[in-house]
Amino acid sequence: MKTTESKEEPIRIVIYVSGGIVQDVLAEAEGVEAMIVDYDNESAGEPKSSRSFESVPVNRAYIERTIHGIED
């Protein structure tokens, strides 16, 4: 019998930045990818071809502290 491993597609998030700084991007679970679209850098000459999805690090403890207002 042939078995196939089912791999779920990642959750993809696009973060748009204009006139600001993204401090961090974290996930509560595995399988999240994010792309930061920084209009400030692109208007300064960074090519749009540099856009790409990257895996988001998982940090459940930090997210929990943030929810409760006690992040570092």
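Helices (H or I, at least four residues) and strands (E, at least two) are DSSP runs, numbered from the N terminus. This is a predicted model, in which local features need pLDDT of at least 70 and side-chain atom pairs count only at pLDDT 80 or more, while totals for chains, interfaces and linings use all residues. Residues are numbered from 1 along each chain as its sequence is written, and side-chain values use heavy atoms, with hydrogens and water left out.

**View 1. Val56 lies in the loop between S3 and helix H2 (60-67).** Val56 has a relative accessible area of 9%, so this residue is buried (under 20% is buried, over 50% exposed, and partly exposed in between, with a 1.4 Å probe and protein chains only). Val56 and Arg12 are 44 residues apart along the chain, and their C-alpha atoms are separated by 9.6 Å.

**View 2. Arg12 and Glu33 form a salt bridge through their side chains.** The N to O distance is 3.0 Å; a salt bridge is a side-chain nitrogen of Lys or Arg within 4 Å of a carboxyl oxygen of Asp or Glu. The structure holds 1 salt bridge. Because Arg12 lies in strand S1 and Glu33 in strand S2, the pair ties together parts that are 21 residues apart in sequence. Arg12 is exposed at 52% relative accessible area, whereas Glu33 is buried at 18%.

**View 3. Val14, Tyr16 and Tyr39 make a nonpolar surface patch of about 310 Å².** Patches are made of residues with over 30% relative accessible area and no salt bridge; like charges are joined within 9 Å, and nonpolar side chains (Val, Leu, Ile, Met, Phe, Trp, Tyr) within 5 Å. Accessible areas come from the Shrake-Rupley method with a 1.4 Å probe, and for residues only the protein chains shown count as cover. Val14 is in strand S1 (residues 11-17) and, with 33% relative accessibility, counts as partly exposed.

**View 4. The largest pocket is lined by 16 residues.** A pocket is an open set of points on a 1 Å grid over the protein atoms alone, where a 1.4 Å probe fits, with protein on both sides within 12 Å along at least five of seven lines; lining residues have an atom within 4 Å of a point. The volume of the largest pocket is about 260 Å³, taken as the space filled by probe spheres set on the points. Ala34, Met35, Ile36, Ser52 and Glu54 lie nearest its centre. Strand S2 (32-38), helix H1 (39-43) and strand S3 (54-55) each give two or more residues to the lining, and S2 gives the largest share, 5 residues.
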